[in-house]
Every structure is written in C-alpha cells, then in structure tokens.
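Let's take a short walk through this model together. Open your viewer, keep the selection tool handy, and follow each stop in turn.

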Amino acid sequence: MTLFVDPELLRLMLTMAAPLVLAGLGELIMERSGLLNVGVEGMMAVAAACAFLTMLKTGSLTVAAATAVVAGIALALLLALYAVALASSQLTVGLSIFVLGTGLASLLYRVVIGVTTVTPTTRTLPSLAIPGLAGLPFFGTVLFTQNALVYLALLLVPALAGFFVLTPLGLRLRAAGENPRALDTVGVDVRALRYGAAAAGGALIGLAGAYLPLAVTGAYSDGMIGGRGWLSLMVVIFGRWQPGWALVGAVLFAYTEALQFKLALVTKAIPPQVLLMLPYVVAIVVLVRLYRGAEPPRALGQPYRRESRV
Amino acid sequence: MTALARRRLADATKYVVAAAVATVAGALVIALMGGNVLSAYRSFLWSSLGTAGGFAQTLNKMCPLLLGGLAVGMARRAGYFNIGVDGQIYAGAIAATGAALALERATTPALAVLVVAVGVIGGGLFAAIPGALRAWWSVNEIFVTVMLNFVAAFLTEYLTTGPWNDVMAGEAITRLIPDAATLPMLSVRAGSHVGIFIALAMAGVVWLLIERTRWGFEVRALGDNARAARVAGIPTARITFAVLIASGALAGLAGAIEVTALHHRLILGLTPGYGVMAILIAVLGQSQPAGILVVSFAMAVLLVGSDSLQRSIGLPASAALVFQALIVLSVLFVDARRAVRPS
C-alpha cells in the first residue's frame, strides 16, 4: 500500500501535475470563449525551447519564463487570427500550428546551440518550503515543499473558477463560447473577447511549456513535451470545462506518470519502455469514459459571423 | 474569363503564394545560419532532382509520404483526423519485421509478399483501436491516435534494444531480415526501390475505392454530413470502423515497405515524423489522391533538398517541418481571404 500513497510519490505527482494544470487552464479559457486549440503540444514545445535558450543566455528564471509566455501568446494569437478574422477550420489551423511548433522548437534550439556532444544544462526552479506548513506530517512534504509554479498553478484553479462565475467579464467570456450572437446583440465585442481569451490562454500554455525545462529537467530535448499538450486537452474534457474538475483530471494523469517513475525504481522485471507506455495507455482507458455526458461549449470551434443568418 | 478559369487561376495563385512564403522563409533561415542563399537553393534543387541518386532519394521519401497522405486523406473523407500515422507506420514495420524474423529460414520470394501483407494487417489492427472507440463509444479519434503514437514508439524502442536487437550493432536496430523477405530495387546504382510503384498503385486504388464504389460513396456521405448519412440508413458506425482500419492499413504498408525495401530491419526513428507531415500533405492535397500525389512529391523534394543543406550548411532537419507548416498556413490564409471576401 505504501507503494501507492507514499508522500514522495504524491509530491512528485503534484510537481508533474503543474504543467498539465497550467496548459489545461489555458486551453479551458480558450475553449470557454469558443476557440478550439489543438496546437497546445506545439505551442508548449516552442515555449520550452524559448524558455531554455533564454535561461541559458540570461541566467534569469523570470526572463526565461516571460519569454516563453510571450511565445505562447504569439502562437495563440496566430491561431485566433485564423479562427476569428479568417473563419478557418480551427482543427486544421490548430494541427498546422502543432506541426509548426514542433519543428520551430527544434529549429530554434539547433540554430542557437548547434550540434554539441555535451547537452547544455541550466539550474532549475528551487523548491520553496512554506514556513510553518512544510513541517506538517505527510501534507507538508506533499503540498508545501513544491516550486513556485506549482503553487501558482494550484492557486489559479479557484481564481479562474471565481473569475468565470463572479465577474462580468467571466460571464461574457462564457457567453462568447455558448451564444456569441446573444452577446453581440447586447453590444459586446465577441471578436475582442476571443482574442483576449487566446492571449490569456496562450500565456498559460507558454508557462506550462517553460515549466518542463525550468522546473524539471534543466535541459531541452526534442519531444520533451511528450504528449502533455494533448493530455491538457483531455484534462479540459475530463473537467467538463470546469477549472476544479480539470485539476482532478490533471492530478490523475500526473499520478500515473509519477507512479511509472516510482515503479521503474522499485522493479527491474518490467522493461522501462513498458512502464513509459503506462500514462498513455491509462489516458486511452480514461478517454473511453470521458465522453459520456460531456457537453462542450455550444459555439466551440465555430467562427462567429455577424452577417450570417441563424 | 469564365468562372471556372478564374477559380483555377486563384487556386494556382494560392500555391504560388505558399511556395513564395516558404522560399523567403528558407532564405531567411539559410542567411541566419551564415549560408549563401543562392548557392544553397541551387544545391537544394540539384541534390533532390538533378542527379540520379538524388532523384532516387526523392522517390524513396515520396513513398511513405504518399501512403501516409493517402491514409490521412482517406480518414478525412469520412470526417476523421488520423493523427496516428506515425504509430501505425511503426505497427506495420513491427509486424513485418516480426514475421520476417520468425520465418528467417524461408527462401521463397513469396516471403516478401507475405511479410508486407502482415505489415498491412499490423497497421490496420493498430488503427482498429481508435476505429472501434470512435465507432461505438464516440471517443475522439485524434486523442486515441496521438496516444498510440507514443505507445508504438516505446514498443519499437523496446524491440530494437531488447529481444530483436542486433547485438553487434550497438544501436537501437534489429537483426537484418532474410533476403527472401526484401523487396527488389528499381535501380541498384541510384538506390531507388519499388516502394514508389506500390504507393502510386495505392493512390489509384484509393481513388477507385472512394470515388467509384458504393462503400466510398457511404464514406463520403458520412464525411459530408454524418447525421444525414445516418438518417439515410448508412451504417455509420461500421463505415467509421472500416475507414480508420483502411487508413491504418495504408500507413502499415508504408512501414512494411520501409523495412522490406529500405532498411531491411526495424530501426528506432524509422519514421522521422512522416505521419505529422502526412497531415499537412492531406490538407494541402484537399484529401484527393491526385492532390496528395502532387503534394507528396513536392514535400519529398523539400525533405531531400533540406537534407543536403543539413550536410553542407548544417540546416537542421526540423527546418523542413517548419517550411511545410508555413506553406499550409499560407494556403489556409489565401483560402480564407477568398471565402471571407468573394469577388
């Protein structure tokens, strides 16, 4: 039993959940406004490369994270430009941005670093023990000795939930994804809202991409996102487009990932590649249940055309 | 000008714009890497089209791109996105390699046919998972196919480093398959293999299947309007299942050809993202076999050309992916501009 609820395991779980939470919330904001962004994986890759390269050149974690955020915003706005102004198929554009991001991340790294025998590394975000709480038995280790971005991700969940239900802007954003025409009728600019949602979502997705090199590996490698962008899209569906439930989904996926690390340490009988498959197989199993009763925002993926007849 | 001629012209403009964007982006990257743009472009074209060896390379690359493009295109005709071509290529390659290694003693040339057939089945079965989940559980095929890409890649890593590993090689590659399981070369000197003819034949088969059969009509009906198709009595679940299996089988064929005609073994990194490029190829080719054929040739030229620039000025292999995506985004841009403001 201790194998599955070990405090170190649960601590790792939250550490690995943070990028899924950040990217998941970013995607959630976009989807609630009606924008379907399937390019998350590529956006995170570009953000990861930008963050790592900036970190290497400036040595500042803040500047590195900020660069990644800017990269995330830029790519999300590119998607929004096609989705909002040009009314393109969001699926097609999103997939193109996925490919663009995958290639661009690798290209940026090669152009700046070149071909080296030694992989350059940087220091990573230190863990930040919360005074008074870090000493608690069990929970102290799990919750209160994390890095700053984990705390940020966890705090963003209630903040975003509150934003959606308590503020007028949150209501409008949700309306843009449910019934943009009604919103337009009362004089709210649907396009501006969607661009805004893209910028906010892109910022969080960029931060999620930066998280991996800055907080976990201290290095960049192609394919390091490892499907987390796609998982974050599932997290949104898992969460039924609610931040709180999205957090549950992110934690679930992160648990299987952490468990796989742990199992690799404990057992030598199972080939490591089989363990590495585990999170993806679990994701497929979860998917089977995921769609039952899931109701996306009604205008998700549809361009809003003011002149079109209903 | 007639309306049709005007539309043809607009279509042509679109690809010219896209090619121009890619050319300028390419020049930028080359200049950034400190290369001479003009001579780089000359060697780009020369290495992919100018020499027999280069042209053979281009045809060899075109084979998986064309088959992958057909795989994505076929699923798209039914309204689905198969993002798992890379995984299905691996599945086909694994199945083919497994069959060839199991029959290591066989000497009959029919072995190659059998091995390729096993590869096709392998790719089809691997795609049956997203197919069944989509058809009867309405699970989004994009997620399942993406997740299975990772599963297939790890399985390949396991097999190439574990049970099938070539102990003498010291890399993630399997033992060589027997000679009887290999497909013949077209030109031994240039280095091209027969795969391209198989792929071209499949383009014809897919066209016939989609455009000239009852099954193809049902696939198109499903893709055009799923609800109308269901109401009209088309067995949409069964069609969904079948079309995704067929899509996977095409990818599996590509994997089997890479093993039996090119590498003669399973290697990790067998597909450097052919499946991802196949998405773009299908989009650009508008999911039509003829369009996919033309685009996959152009993309093969792009791949082989940038490969030569990798050797001469160190242009990273990933640059090709960026150019391809830029081409698609430019085409989508021109397309959308026309849709928004009809002349």
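Start by selecting helix α4 (residues 61-85) and helix α10 (residues 190-217), both of chain A: their axes come within 6 Å and cross at roughly 140°. Helices here are DSSP runs of H or I with at least four residues, numbered from the N terminus; axes are lines fitted to C-alpha atoms over the stretch in contact, with angles from 0 to 180 degrees between N-to-C directions. α4(A) is therefore oblique to α10(A), the class left over after roughly parallel (under 35 degrees), roughly antiparallel (over 145) and roughly perpendicular (65 to 115). The residues of this contact divide into 21 nonpolar, five polar and two charged, where Ala, Val, Leu, Ile, Met, Phe, Trp, Tyr, Cys and Pro count as nonpolar, Asp, Glu, Lys and Arg as charged, and the others, Gly among them, as polar.

A word on the model: it is predicted, local features need pLDDT of at least 70, side-chain atom pairs count only at pLDDT 80 or more, and totals for chains, interfaces and linings use all residues. Residues are numbered from 1 along each chain as its sequence is written, while chains are lettered from A and ligands numbered from 1 in the order in which they are written.

Next, select Met234(A). Leaving out residues up to four places away in sequence, Met234(A) touches Gly249(A), Ala283(A), Leu287(A), Leu290(A) and Phe143(B); contact means C-beta atoms, placed from the backbone, within 7 Å.

Finally, show both chains: 37 residues of chain B are in contact with 34 of chain A. On the chain B side, α13(B) gives the most, with 14 residues. That side divides into 31 nonpolar, four polar and two charged residues.

Terms used. Helix = DSSP H or I, 4+ residues; strand = E, 2+ residues; numbered from the N terminus. Contact = placed C-beta atoms within 7 Å.
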